[in-house]
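Please read the following note alongside the sequence and the structure.

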Amino acid sequence: MVGKPQQPARTAAIQAPELSYTRRMAEAPTGWQQRGDYAIWGGNRTAEEAPYVLHEWCAEGVIPIPHRTGRPIMHRIAKGTPYHVNRLFGFWIEHDVDAIWLEAPAEGSSHYTLMVGGTTGTPSNTASLFVCPKCAAQFGRESALITHQRYSLFLNSTLHRVRAFNADTELRTCPKCGGVHPPTYGFYANDDTAQERSAREVG
Amino acid sequence: MLYSDVYVKEPIDKIAEDWDFMNEKVLPRFFGFRPVGDNVYGIRAITHETQRTLGSEKHTPMDMAKNRRNFEIGPQGVVIVPRTPLTIHVTRHGTPHRTEFLFGYWHVNDKDEIIIPLPATDTTPPHLVIVMGHPKDNETDRIACYCHQCGSLVFLRELVTGTIGFQRFFQWEHETVREYNSDPKFRTCWDCGHINPVAYTAFPTRDSPEERESRMKW
């Protein structure tokens, strides 16, 4: 017996692809946005607030990238280079793709953008780690494959990392020099405990 | 600061002289587009009040006009994209886009582009920063021309920059624009018959008289 032809299942409306995206740097906090091949963060600090300072790790130690020079600064963080932005996140990040740090002065504030990406499917392999403030040795490295999981999952996971780190002196002890790393802080200041807030303020 | 005991003592300029792309000594490398690592960078000063002075000697070759408008093509047709200072704009791959008076064709590429206008400071003019992914493998850049009258695609050329390298782009751009301008058949709309104006490259100093005339208009 031949029945009625089956009707195709009703399909959901197909969402139009995103053609472009716009965000004001002056909006604070913008948080992280994943747009195409980039994870983008934006934020700002008034002149009364201590600035964000980008730090890069190299074999000779830690390089603080100059800031508040009165003109814009654009710095490329090459893939494979651990970096840290004090007062923004209290650990170090290493990507498998380049990142770009942009600082622009305007209206009495410093405006910042961090753009991670440029290659399709990245950032994918991203590591979080700590650097000893006594000898600059790296330790506590953990890598995360985040290709299909969006960057925000990596950032959210780092808070658990930071809290475990703060709770355990052994985890904070440098395997090279034995120095103890002070307690630190995650990415989102709103989530800070009192201890994390104090660490963020120290910078 | 936490890491001040382990700071590298050497000045950063000695470690990497190009650590800041906006530095006045480094910036001229980015007047066009320059591939560095995973991205291609362009930095333009916005120093012209209008398009009338584009290409004049006292400015760098790709300085921009303050009165320019920026366009994208989406499902609703052509839209104007404001360039508000300190605004991050991402033009997603595949979206045709164009900047009035700067390049007289539509750029359609396979990489996302981030565009950030920066305001003037006491010592620097306003700038436009462009960051886009470095094309790889079979990823391409395209030059497209759409009919000014009806919006139909009238001309399209493609360069596989992922294979050939992005540094070849501007030479190809020049050749492609000249090809389009060489014969009215390329500019004549197959659909409505409208004859479109000639295109122009991103370098005003290379303009032929008719390209210059076109640059002043659209």
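In which loop of chain B does B:His134 lie? The first point answers this, after two sentences on conventions. This is a predicted model, in which local features need pLDDT of at least 70 and side-chain atom pairs count only at pLDDT 80 or more, while totals for chains, interfaces and linings use all residues. Residues are numbered from 1 along each chain as its sequence is written, chains are lettered from A and ligands numbered from 1 in the order in which they are written, and side-chain values use heavy atoms, with hydrogens and water left out.

1. B:His134 is found in the loop between strand 10 (127–133) and strand 11 (141–146) of chain B. Strands (E, at least two residues) and helices (H or I, at least four) are DSSP runs, numbered from the N terminus. B:His134 has a relative accessible area of 19% and is therefore buried; buried means under 20%, exposed over 50% and partly exposed in between (1.4 Å probe, protein chains only). Leaving aside residues up to four places away in sequence, B:His134 touches several residues, among them A:Gly118, B:Asp38 and B:Phe166. Contact here means heavy atoms within 4.5 Å.

2. Chain A contains two helices and 12 strands. From the N terminus on, their order is β-β-β-β-β-β-β-β-β-β-β-β-α-α. Chain A has 203 residues, of which 52% count as buried.

3. To the contact between the chains, chain A gives 58 residues and chain B gives 50 residues. About 4,600 Å² is buried between chain A and chain B, with 63% of that area from carbon and sulfur atoms. Buried area is the accessible area (1.4 Å probe) that two parts lose on being put together, summed over both. A:Leu19, A:Arg71 and A:Met74 supply 16% of the area that chain A buries against chain B, more than any other three residues.

4. Three salt bridges are counted between chain A and chain B. A salt bridge requires a side-chain nitrogen of Lys or Arg within 4 Å of a carboxyl oxygen of Asp or Glu. The side chains of A:Lys79 and B:Asp38 form a salt bridge, at 3.2 Å from N to O.

5. Strand 1 of chain A and strand 6 (residues 87–91) of chain B run antiparallel and are joined by five bridges. Two strands pair if DSSP finds at least two bridges between them. Opposite A:Arg24 stands B:Thr87, in strand 6 of chain B.
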